[in-house]
Amino acid sequence: MADSGQSFSYAQDKLTFLLALVPYLVDIGRVSVSDAAAHFQVSEQQIRDAVSLIAVSGVPGETFQYQHGDLFDIAWDDFDEHDEIVITHRVALDDSPRFSAREAAALIAGLQYLQSLPENIDRGVYSSLMDKLARGASERPSQVAIARQGATGSLAEVRDALARGVQLEFDYLASRGTREHRTVDPLRIDSDDESWYLRAWDHRRGAVRTFRFDRLSALVVTDRPASSAHDDVRLGDLVFQGGDDDLIVTVEVDPAAVGLLGEYLSQVDEAPDAQTGAHGRVRAHIRVAHIHGLKRLVTSNASSLTVVGPPEARAAVADWADAALRRYLE
Amino acid sequence: MAPEKLTPAPVPVEERLFSLVLALLATETGLTKNEILSTVQGYRQRYRSGGDNASLERQFERDKDDIRELGVPLETLESPGDPGNNQQLRYRIPRTAYELPADIAFSAAETTLLNLAAMAWREGSLSRESRRALLKLRSTGVETTEPVLGYAPRIRTRDSAFEPLSTALARRVSARFLYLKPGDPAARMRTVAPLALVQHQGRWHLKATDLDLDEPRTFLLSRISGAVTLGRKPLDLPAADYAALALAELDAIWDANVAELEVQNGTDAQLRLSRRRGAEDAGDGRIRLHFTDTALLADELAGFGPEVRVLGPAQLVESVVDRLRAVSAAHRDTASGTTAPGTTSPGIEQEAR
């Protein structure tokens, strides 16, 4: 983790790192480069670069000349030969910086979001934490908030199975309308705003599958241990899991709505002539596992999304809409 | 801006900013702009004594903004003997306003939660802010713990208006954007004082004061089209918990609006809609559902196709039928000769678009 840690592309972020690193180093006295890297979840090289910069930085001082005593100093031998950091002289900086209004707001809103998790965390823990963040900000935190969601049905049971490492069984309603019994080893609970997903190893399919929580029913937490063989499966961010039988569909989409395609999107055609399509729309190609997901996606985005081809995809969408319209004629 | 070619080895930006923060933290009385430009590392190399330093001054202005955005309280002091003289303004960073108060410490359990909260923002608008907040948290030496295993929460900010509006909130400036209200023939330009950004039912809303009408308004970010332009002058906004207020208002609307649906047994619609917060089983395959916005719910319900028939309110029925007709018309090739049943449906007028 440490060596593949975050890197900073913006000067503001690099500055924050420097301002955060100094008080940590001062406080800890002596620390190895690798421990510091692990602590901040950055690469060892980032730590070395930052320490090298800190060691030659300081204040103009009385003479305005950055004299020796106006600069930070480190134990160079320890640094060069043992990869250890000891700050031997420091200037100006003592303590950790406050949060900015937006930084505090981001974490506070994140905590509000997490309150929907079925963890046994006292509400008081959240509110005291939010209070600390607000007091630790240099300005009143920005007004950003996320509404508390209702409890997501089986989340607590799945979380329990995950924690105890046991298999789950449930009925799953696929978007094509079929209900299937599944046995899985739960791997992770993902969320995407108000949608919750179970990432799990599906026994019958012998592969990782993603299940929407609101399509699960008859959930049983078994006593059978889940295999640890899949613990190392790298779960990326929630993405549409393509298969060989995926359908590639060409759509016209309002540029502002491209984000709605989210996981389905495989490629947006950025060719200039595509921009001149009807109503300033762009053409995009999306991958769908089957037509059933597509017809739902398109009819729920009537004003911004149209299927251009293939013809059978267009027909499936039209049939779906027509079948729905027929219900209003009954 | 064209890079200055005069200095052989330019000082990295972060070194200049770091030196500026150190210099301003170290001074009690403050430094004038001229003192900063002529002495602080990163500026002094480009400073021309007695010459034109206009580009360097502009650089300093941008640096001040960048530093303030990080929560560094950069202060300006007027010279008592010469108020109003910009050249005599003194800059400093008061230590107590800069440093995290000593009594604020985070336990390992709290840090775990904060890591997870930051992770939820891992993509999108506030991801850099959360990462910076975590750096500051780790600065206090608190034990780093991995996020709670087994969760990967994610907050989305797909609306492109989120980023500029959250900037407007942080800077307390006005925002202008084109807003398409459902039912209106075209988007209209709005100028507002942003008060809060809230996510309700998975959608981002802006609570603001419409400056043309001088009235409070709530906007759905997904209905903002095109660019959002920000004002320059900070607005005078009375402090209040606008976010909580906005959520309470949306909850009240949600409470008051009830849709009545008929869902087919065993379908996706039945399973998922009946599990919504506040969904009520009204018997006979009927579900009552609260909602905040007719157009948004109509989009969603149209997606369920024949699995759902909307019974009311009338405006929702009309909106859903409208959408279904539009989809049918856009996907039915006229050459095939089939007529969509919707086009012959009596009683429901096509809404003007």
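**Domains of chain B.** Begin by colouring chain B according to its domain assignment, which gives domain 1 (13-98), domain 2 (101-155), domain 3 (162-240) and domain 4 (257-344). The model on screen is a predicted one. Select domain 2 of chain B and domain 3 of chain B together; their C-alpha centres are 29 Å apart.

**Chain B as a whole.** Next, display the complete chain B as a C-alpha trace. Along its principal axes this trace spans about 85 × 45 × 40 Å. The radius of gyration of chain B is 28 Å, whereas a compact globule of 353 residues would have one near 20 Å. Switch to a cartoon view, in which chain B shows eleven helices and 13 strands. Of its 353 residues, 39% count as buried. Among the contacts in chain B between residues at least 6 apart in sequence, 57% join residues at least 24 apart.

**A sheet in chain B.** Within chain B, select strands E1, E3 and E2. These three strands form an open sheet in the order E1-E3-E2, with antiparallel pairing. Its edge strands are E1 (31-32) and E2 (75-77) of chain B, each of which pairs on one side only.

**Domains of chain A.** Turn to chain A and colour it in the manner of its domain assignment: domain 1 (2-89), domain 2 (100-150), domain 3 (155-230) and domain 4 (247-327). The C-alpha centres of domain 1 of chain A and domain 2 of chain A are separated by 31 Å.

Select strand E7 (residues 195-202) and strand E8 (residues 207-212) of chain A, an antiparallel pair joined by six bridges.

**The contact between the chains.** Show both chains and select the residues in contact across them: 103 residues from chain A and 101 residues from chain B. On the side of chain B that touches chain A, helix H1 (residues 13-26) of chain B gives the most, with eleven residues. Coloured by residue class, this side of chain B divides into 52 nonpolar, 23 polar and 26 charged residues.

Select strand E4 (residues 144-146) of chain A with strand E6 (residues 188-200) of chain B. The two strands run parallel and are joined by three bridges. Centre the view on A:Ile146, which faces B:Gln199 in E6(B).

In soluble globular proteins, nonpolar side chains tend to be buried together. The largest nonpolar core in this model has 106 residues, and those with the most contacts inside it are A:Leu107 and B:Val21. Helix H5 (residues 101-114) of chain A supplies the largest share of this core, ten residues. Which residues does A:Leu107 touch, not counting residues up to four places away in sequence? They are A:Leu133, B:Leu114, B:Ala117, B:Ala118, B:Ser130 and B:Ala133. For the last stop, select A:Val249, A:Val253, B:Phe291 and B:Leu324, which are included in a second, separate core of 42 residues.

Methods:
Residues are numbered from 1 along each chain as its sequence is written. Chains are lettered from A and ligands numbered from 1 in the order in which they are written. This is a predicted model: local features need pLDDT of at least 70, side-chain atom pairs count only at pLDDT 80 or more; totals for chains, interfaces and linings use all residues. Two residues are in contact if their C-beta atoms, placed from the backbone, lie within 7 Å. Helices (H or I, at least four residues) and strands (E, at least two) are DSSP runs, numbered from the N terminus. Ala, Val, Leu, Ile, Met, Phe, Trp, Tyr, Cys and Pro count as nonpolar, Asp, Glu, Lys and Arg as charged, and the others, Gly among them, as polar. Two strands pair if DSSP finds at least two bridges between them. Domain bounds come from an automatic or database domain assignment. A nonpolar core is a set of buried Ala, Val, Leu, Ile, Met, Phe, Trp, Tyr and Cys residues joined through C-beta atoms within 7 Å. A residue is buried if 20 or more other C-beta atoms lie within 10 Å of its own, exposed if 12 or fewer, and partly exposed in between; C-beta atoms are placed from the backbone. The radius of gyration is taken over C-alpha atoms; the globule rule is 2.2 Å times the number of residues to the power 0.38.
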